[in-house]
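This report describes selected features of one protein structure. The sequence and the model are shown first, and the discussion follows.

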Amino acid sequence: MVKRPRKPRSVPLRKSQPPDPKGGRRRSRDPEQPALPFDPMPDRIEPCLALLKPTAPSGPDWAYEIKWDGYRLAVHLDHGKIRIITRGGHDWTHRFPTIQAAAKALPVGTAILDGEAVVVDEMGRSDFSALQQALGGRIGKRSADEAVFMAFDLLYFDGHDLRGLEQESRRHLLEDLIPAKPDGGVRLSEEIDGDGPTIFTAACDHRLEGIIAKRRGEPYRPGRGGEWIKIKCVQSEGFAIIGYEKSTAAFGGIGRLLLAARKNGQLVYVGGCGTGFNERSATDVRKRMDTIAIPKSLVETGRKKRDAVWVKPELVAEIEFRSWTGDEKLRHASFKGLRHPDDAAAIFEIGEFS
């Protein structure tokens, strides 16, 4: 996989001389640049979400990137002041000091970056479990010094709202802003040149989670409108925990987590997960489930479950799995971690994958 070659760009929104990050006087405007009005900086932007598909699209209309496995964030820069906002709208600036410091050093007065906070291993692959451990668990209060921000879109730049621009124009501006370096707290999520299916095969060979395909000519829209598509090598999604089966031999006394997805607006049972735990993660999950225990299941599970403890479906577990059975149950499911409530992680919708 190689980085795509740079293409000729239209006139940028600013001159090559960056503005003073502290908001000082700027040089005179280049008369060749368009006289664009300044837009108010949004306090928060609803993110564009990738639609899950089984195969990668092909053709020149698509751009491709690695799919990162972490926490989706927006980094707001306002003349030296940094805010790091989760997908759910919560301020996590204090939790990512390395990202905060790196963002503050970027040569721009105002900007909003869209991307993913990740912890990478020695091969450069994102590790969701390592990120959770760095943060101190699902409700942990630690700062993740190890986390870096992989920037993949630029939504606001130097006083201008870019959401109405096509993806390729936003990408060119992002590449001008983020240093093309393999280290640092803020890094560029590189585009990859090539055919979608070939790139996807190579990503899986490198044991990556998958790839993202983006339509080059589309503006930035919130939700899953199909402008962005995700294709996964290993399936991993969020499922609601509706209970667990007890065990005297397993970590935390959890024989199996009992899980649910959404279908037509309702929670439906999709089977269980009994692997992927260690003593620490299982104990943490068990303590949290015991505080929300209820007398009976809120979801129909079919035949009666022995030694089952039912809970309110308030916890979202990230579950890695191989495939689905014919009756819509998970095959070879493995626990990766609990999603943080501030992340606003969605429960998997059956029927999304098509």
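**Residues with positive phi**

Glu328 is partly exposed, with a relative accessible area of 31%. The structure is a predicted model. Glu328 belongs to the loop that joins strand S19 (323-324) to strand S20 (330-331). Although Glu328 is not a glycine, its phi is positive, at about 65°. In general, most residues other than glycine have a negative phi.

Asn264 likewise is not a glycine and has a positive phi, of about 55°. Asn264 lies in the loop between S14 and S15. With a relative accessible area of 70%, Asn264 is exposed, because the cut-off for that class is over 50%.

**The hairpin of S14 and S15**

Strand S14 (residues 254-263) pairs with strand S15 (residues 266-273) in the antiparallel sense, over 7 bridges. Within this pairing, Arg262 stands opposite Leu267 in S15. The hairpin has 2 residues between its strands, and Asn264 is the residue that takes the positive phi there.

**Cysteines and the disulfide**

The model contains 1 disulfide. Cys204 and Cys233 form this link, with their sulfur atoms 2.1 Å apart. The angle about the S-S bond is -95°, and the link is left-handed. Cys204 is in helix H4 (residues 196-205), while Cys233 is in the loop between strand S12 (228-232) and strand S13 (235-246). The pair thus links distant parts of the chain, 29 residues apart.

Are Cys204 and Cys233 buried or partly exposed? Cys204 is partly exposed at 27% relative accessibility, and Cys233 is also partly exposed, at 25%.

**Nonpolar cores**

The largest nonpolar core comprises 33 residues. Val75, Leu77, Phe96, Leu113, Leu154 and Ile178 have the most contacts inside it. Several strands and helices each supply at least two residues of this core, among them strand S4 (71-78), helix H1 (97-104), strand S6 (110-118), strand S7 (148-157) and helix H3 (167-177). A second, separate core has 27 residues, including Leu52, Phe277, Val309 and Phe321.

Which residues does Leu77 touch, not counting residues up to four places away in sequence? The contacts of Leu77 are Met41, Ile82, Ala103, Leu106, Val108, Gly109, Thr110, Ala111 and Leu113.

**Aromatic pairs and charges over rings**

The structure holds 11 aromatic pairs. One of them joins Phe152 and Trp228, whose ring centres are 5.8 Å apart. The planes of these two rings stand at 85°, so the pair is edge-to-face. Phe152 lies in strand S7 and Trp228 in strand S12, so the pair ties together parts that are 76 residues apart in sequence. Both Phe152 and Trp228 are buried. Lys214 lies over the face of Trp228, at 4.0 Å from the ring centre.

Tyr71, Trp92, Phe96 and Phe128 form one aromatic cluster. Phe96 is also among the residues with the most contacts inside the largest nonpolar core. Over the face of Trp92 lies Arg95, at 4.6 Å from the ring centre.

Methods: Residues numbered from 1 in each chain as written. Predicted model: local features only at pLDDT ≥ 70, side-chain atom pairs only at ≥ 80, totals over all residues. Heavy atoms only, no water. Core = buried A, V, L, I, M, F, W, Y, C linked by side-chain atoms within 4.5 Å. Buried < 20%, exposed > 50% of the residue type's maximum accessible area, 1.4 Å probe, protein only. Helix = DSSP H or I, 4+ residues; strand = E, 2+ residues; numbered from the N terminus. Contact = heavy atoms within 4.5 Å. Pairing = 2+ DSSP bridges. Disulfide = S-S within 2.5 Å. Phe/Tyr/Trp six-rings, centres within 6.5 Å; stacked < 30°, edge-to-face > 60°. Lys NZ or Arg CZ within 6 Å of the ring centre and 35° of its normal.
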